[in-house]
Amino acid sequence: MMMNMTRWMSVMAGMAILSGCATPPSSPYVPATERGVTTAGLDTYDYQMVAAGLSQEMMRRGLPNGYVVALGPVDTRATPYAVDIQLLQDKLEVALSQNGTLKFTSAVNAMKGASGTEEIYKLIEYNWWQKNPMDTEDIQKFGKIANVGALLFGRISSMERSLPGRGREITYSFVWRLTDTATGVNQFTLEKEIRKNIR
Amino acid sequence: MKLKQIVGGLVVVVALAVCVTACRTTSSGMEVVSLPKAKVTLNSKIVAGYLEVVEMNNAMRGDLFQAQVSVMNRKDRDFPFEYRFRWLDKAGMEVPAANSAWMPTTASGKERVLLQGVAPVSEVADYILDIRFSQTSARW
C-alpha cells in the first residue's frame, strides 16, 4: 500500500515537473500591441484601437488626395479622465500618413512666428470648444495663411455608470472631423466608441 | 489516510496549474487566409466550438484592398473575441500596418458578425485574419 502511494506521488511529481517545463520562460518584454493592464482611464491600447478604427474608416471612405492636413483642436472637456491628445493625434497621423494620400503638418509649427494665424486658430479652437458653428471665413483664412488644405478636429467625451454589484462601465466616444479649409465643408465626420467594464 | 489526502491535494494542485496555464493562453484561436486559396486554421477548441467562418469577401476600395470575413456564433451564448488583420503583398511579405490592432468584439448567440479591414497601402494583395479568445485578464 505504502509502495503504491509512493509510486503515485512520483508520477504526480513527474507530471508537475513536466507541465512546468512545457511552459516557456516569461520575458519582461511584451508586444506593445497587447492589451496590458486595463484601467478606467485611457490606456495605450485604447489609443491604438481608436487610431486604427478611425484611420480604417477614413481609408474605407476614401481619403481626399493631396491634402496637407493640420492637426486641429481636440476638445476633451466632456471627460473627467486625462487624455494624451498629442499621443492620439500622433498615432492617427502615423496610421494615415502610411497611406501617403494625406500629408501632415503640425498646427503649432504652422502658426509659429505668425501671430495672425495664431489668432485665427484660437478663434477656431474657441468655436470648436464652445460647440459654436464654425466660421467658414476663419477656416479659409487659416488655410491660406498656414498653407493647410484641411483641419482635423476631435471631440472626446465619456459616460460612466455603476455596474450592478460593484464596478464601473465607462463609454468613451471619439468624434473626429476633417474639414476642408477651402470650402469649410466637413469631408468626414467619424465616430469611434470604446466601452470598458472595470471591476 | 494522510498519504491519500496528500496525493489528492497534489492532484488538485497539478490540475489547477495546468488549467491556469491553459486558460491564460491567448494564442491565435483561428487563422483565416484568403489567397491563393481560402484557408481556415483552427488552433483552439474553444474558438472552433463557437465560431464558424461563413463567408469571405474581398473588394477594392479605390486602390486599397478591403477584406470582409463573416463569422457566425454557433452557440446561444455570447462569445467575446478579438481579431486582427495582417496584410501581405503579392510576394507574401508582411506589410507592417500602423492601423492593425487587436480589436475586441462580441458575437451574440447565433449572431453573424462581419469583420472588416482596409489595407493601409495599395501594395497589399492578401491578408491573414487572426481570431483569438478574449480574456478579461491579460496574461501579463
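The following legends describe close-up views of a predicted model.

**View 1. The largest pocket and the residues that line it.** The space in the largest pocket amounts to about 1,400 Å³. Its lining comprises 44 residues, and those closest to the pocket centre are M49(A), R195(A), M103(B), P104(B) and T105(B). Two or more lining residues come from each of α2 (44-61) and β5 (186-198) of chain A, and from each of β5 (79-89), β7 (103-107) and β8 (112-118) of chain B. The largest share of the lining, nine residues, is supplied by α2(A). By residue class, the lining of the largest pocket contains 16 nonpolar, 15 polar and 13 charged residues.

**View 2. D180(A), a buried residue without a salt bridge.** D180(A) belongs to strand β4 of chain A, which spans residues 168-180. The nearest side chain of opposite charge is that of K144(A), 11 Å away. Because a salt bridge requires the side-chain nitrogen and the carboxyl oxygen to lie within 4 Å, a separation of 11 Å leaves D180(A) without such a partner. The side chain of D180(A) instead makes a polar contact with the side chain of Y67(A) at 2.4 Å. The D180(A) side chain also reaches the backbone nitrogen of A182(A), at 2.7 Å.

**View 3. Salt bridges E57(A)–R60(A) and E160(A)–R168(A) in chain A.** The side chains of E57(A) and R60(A) form a salt bridge with an N to O distance of 3.0 Å. These two residues are three positions apart in helix α2 of chain A, and therefore about one helical turn separates them. E57(A) is partly exposed, with a relative accessible area of 22%, and R60(A) is partly exposed as well, at 26%. In the second pair, the side chains of E160(A) and R168(A) meet at 2.9 Å, N to O. The relative accessible area is 36% for E160(A), which is partly exposed, and 34% for R168(A), also partly exposed.

**View 4. The salt bridge between R84(B) and D130(B).** The closest N and O atoms of R84(B) and D130(B) are 3.2 Å apart. This pair links distant parts of the chain, 46 residues apart: R84(B) lies in strand β5 of chain B and D130(B) in strand β9 (residues 124-133) of chain B. D130(B) has a relative accessibility of 1% and so counts as buried.

**View 5. A salt-bridge network with residues from chains A and B.** E34(A), R35(A), E82(B) and R132(B) are joined into one network by salt bridges that share partners. Over all chains, the count comes to 14 salt bridges.

Note on methods:
Residues numbered from 1 in each chain as written. Chains lettered and ligands numbered in written order. Predicted model: local features only at pLDDT ≥ 70, side-chain atom pairs only at ≥ 80, totals over all residues. Heavy atoms only, no water. 1 Å grid on protein atoms, 1.4 Å probe; cavity = no way out; pocket = protein on both sides within 12 Å on 5 of 7 lines; lining within 4 Å. Points joined across faces, edges and corners; volume = space filled by probe spheres on them. Helix = DSSP H or I, 4+ residues; strand = E, 2+ residues; numbered from the N terminus. Nonpolar A, V, L, I, M, F, W, Y, C, P; charged D, E, K, R; others polar. Buried < 20%, exposed > 50% of the residue type's maximum accessible area, 1.4 Å probe, protein only. Lys, Arg positive; Asp, Glu negative; His and termini not counted. Polar contact = N/O pair within 3.5 Å; in protein donor to acceptor, adjacent residues only side chain to side chain.
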